[in-house]
Amino acid sequence: MSNHHKVIIAGSGLAALAAAARLNELGVKDIAIYAGGLGGTPYIAAINFVLPENPYGDTPELYAKDMLVAGYNIGNKELVNEMAANTLKGYELLCRWGVTFAHNEDGSIKLRHVSGHTYPRSLCQTTNLIGVEIEKVMLKKLEEAGIEFHRKTQVVDLLKNSEGKIEGFTVIEKGGEPYNVYAPVVVASWGGVGNLLGTSTYPDDVKGNTLGMAKNAGAELVDLEFIEFEPMVMMSPAGAVGEPCPTAMLGEGGYLLNSEGERFLLEVRPQGEAGAPKSLINHEIWKQVAKGKGNPHGGIWVDLRHVDVKILKAYPWFYDRLMNNGCDPNKELLEVGPMPHSFSGGIRVDRNYESNVKGLYAIGEACGGIHGACRCAGNAASQATLSGLLCAEGIMRTGELDRAISERPVAYKQNDSVRAKYLDELQKIAGHALGVYRNGKDLEEALNSTQKILDAPEVSGDDLTSQTALAINLILKAALNRKESRGTHNRTDYPASDPAYEKEFVF
Ligand SMILES: Cc1cc2nc3c(=O)[nH]c(=O)nc-3n(C[C@H](O)[C@H](O)[C@H](O)COP(=O)(O)OP(=O)(O)OC[C@H]3O[C@@H](n4cnc5c(N)ncnc54)[C@H](O)[C@@H]3O)c2cc1C
């Protein structure tokens with residue numbers, strides 16, 4: 001197998017699959033995917049598309065408006081409008097590559113109403129998670145179409161030439177030696193950063209050090225302070241901890257309760273819980289906990305006892321996990337609370353999803369600055385699809401697919417004792433300072449601690465540790481820099497949002 005390609009893709013989640021599928025349709029033959037696992041994609045329950053035949057009078061324009069409102073006025077209008085305008089193309093791409101969606105009895109597509117949306121526009125499967133279906137059918141078809149897959153492979157370093165253009169990356173397989181792979185076009189689709197903070201809903205293969213790797217390659221990063229916290233993640237029983245209770249449950253008639261049995265969200269949202277933005281839910285949960293009205297694990301309760309069991313069973317991954325752990329949502333209240341779940345920051349991109357580093361493109365959760373301070377539920381998956389599709393079309397416009405590249409020695413450094421000494425400590429520092437509620441003092445202390453680690457001479461001898469420390473350090477800087485509360489970024493020392501901060505910060 002050759003180690004030279006036209007396009008190499010880091011990651012095999014939905015964004016990567018969509019990009020590879022569209023590149024293949026556009027005639028690019030030599031594409032290789034290097035990935036450590038499947039990322040967050042198999043966990044996707046909801047994916048939003050606005051289809052022309054919807055019964056609500058929904059339009060791409062209304063969808064774009066919802067995204068910009070959910071982003072607290074600092075989403076990227078150009079990228080949001082383009083994503084919404086292409087929503088049908090995204091849906092059709094997935095259909096062409098074999099993905100099927102659940103239908104109602106009358107034959108219409110089943111649409112769910114998830115958090116942050118004016119109308120139901122979330123497509124799904126009712127027998128399994130839609131993300132599992134996507135991975136299963138698209139991986140198979142892409143392999144049949146000749147896309148090369150390198151599974152269980154970590155991308156550990158990006159390669160750039162003296163003119164600042166990308167030339168490939170270094171990869172390592174478990175137990176093997178690192179080696180270089182070359183291409184004039186590199187697509188970063190390595191997902192988000194939640195695991196940098198310790199306990200999160202992210203799978204283990206999405207580590208977050210990739211943000212530091214991108215920075216070391218000279219990529220501009222944006223909106224790093226906006227880590228999304230999923231508001232209703234199960235906090236008990238032990239076997240169900242970490243399982244998100246879908247916010248779509250609020251659209252199915254569920255509601256949130258404090259320890260006094262009050263539907264507290266109605267105080268700020270009299271129209272009801274359905275469609276409430278996640279950031280609002282997180283904020284109101286925090287207020288209840290701060291007033292001493294929370295549950296023993298630092299969250300609140302969701303009440304689904306009155307929701308028809310047939311509806312609950314249409315979310316089998318959730319219902320079965322609860323029932324298998326002795327928790328019947330028709331009989332008892334569920335203890336839920338916020339956990340790190342997805343990331344709206346990342347590599348800054350232009351309309352072609354290309355970064356400021358020539359040839360380095362970024363899609364899905366790896367790119368940032370589109371959603372602003374918060375995103376609507378189900379939009380991580382839509383954005384993964386649309387950014388992959390639009391990036392592939394962008395590569396056809398701006399990618400130097402025939403640029404020649406010379407080989408070079410591997411420069412990647414690894415030292416297990418440095419990892420053992422610092423990686424857990426870094427997670428603890430980040431988890432403490434970068435939680436759902438932040439304050440300047442903790443952020444300053446954490447920044448100093450990560451800076452000391454970055455400056456320790458031994459740390460430069462291990463690239464994973466230095467990339468991880470750099471990633472956390474930059475998120476801390478971004479969080480300190482934004483002296484206000486907006487969307488998913490909440491500071492107890494600056495509780496209100498400030499119009500002076502209606503902008504993005506680039507690092
Ligand atoms: C439990 C859970 C439930 C979710 N539910 C929803 C939902 O219902 N709707 C929704 O819109 N979003 C949901 N999300 C978020 C959604 O899963 C992600 O935003 C989406 O999968 C992003 O797609 P992606 O392709 O960018 O990244 P991912 O799907 O996370 O894929 C990242 C890929 O990069 C690989 N990778 C990471 N680092 C490296 C590296 N160094 N080298 C090589 N490969 C690497 C991973 O192995 C993986 O293949 C959920 C997330 C979780 C964790």
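A residue is taken to be near a molecule or strand if one of its heavy atoms lies within 4 Å of it.

**View 1. The shell of residues around the ligand in the predicted model.** By that criterion 37 residues surround the ligand, and the closest are Gly37, Thr41, Val155, Asp205 and Glu365. This is a predicted model, in which local features need pLDDT of at least 70 and side-chain atom pairs count only at pLDDT 80 or more, whereas totals for chains, interfaces and linings use all residues. Residues are numbered from 1 along each chain as its sequence is written, and side-chain values use heavy atoms, with hydrogens and water left out. By class, the shell holds 17 nonpolar, 18 polar and 2 charged residues, where Ala, Val, Leu, Ile, Met, Phe, Trp, Tyr, Cys and Pro count as nonpolar, Asp, Glu, Lys and Arg as charged, and the others, Gly among them, as polar. Helix H1 (14-25), strand E6 (153-160) and helix H11 (379-398) each supply at least two residues of this shell, and the largest share, 4 residues, comes from H11. Helices (H or I, at least four residues) and strands (E, at least two) are DSSP runs, numbered from the N terminus.

View 2. A polar side-chain atom of aspartate 205 lies 2.5 Å from an oxygen atom of the ligand. Polar backbone atoms also take part: one of glycine 40 is 2.8 Å from a ligand oxygen, and one of alanine 15 is 3.0 Å from a ligand oxygen. The protein covers 95% of the 1000 Å² of accessible area that the ligand has on its own, with areas taken from the Shrake-Rupley method with a 1.4 Å probe.

**View 3. Salt bridges and the exposure of their partners.** The structure holds 35 salt bridges, each a side-chain nitrogen of Lys or Arg within 4 Å of a carboxyl oxygen of Asp or Glu. In one of them the side chains of glutamate 260 and lysine 293 meet at 3.7 Å, N to O. This pair links distant parts of the chain, 33 residues apart, with glutamate 260 in the loop between strand E12 (255-257) and helix H8 (278-290) and lysine 293 in the loop between H8 and strand E13 (300-303). Glutamate 260 is exposed, with a relative accessible area of 53%, whereas lysine 293 is buried at 17%; buried means under 20% relative accessible area, exposed over 50%, and partly exposed in between (1.4 Å probe, protein chains only). Glutamate 354 and lysine 358 form another salt bridge, their closest N and O atoms being 3.2 Å apart; here glutamate 354 is buried at 7% and lysine 358 is partly exposed at 24%.

**View 4. Serine 279 and tyrosine 72.** Serine 279 lies in helix H8 and, at 5% relative accessibility, counts as buried. Its side chain is joined to that of tyrosine 72 by a polar contact of 2.7 Å; such a contact is a pair of N or O atoms within 3.5 Å, and within protein one must be able to donate a hydrogen and the other to accept it, while residues adjacent in sequence count only if both atoms are side-chain atoms. Not counting residues up to four places away in sequence, serine 279 touches Tyr72, Cys374, Gly487 and Thr488, contact meaning heavy atoms within 4.5 Å. Tyrosine 72 follows helix H2, and its phi is positive, near 55 degrees.
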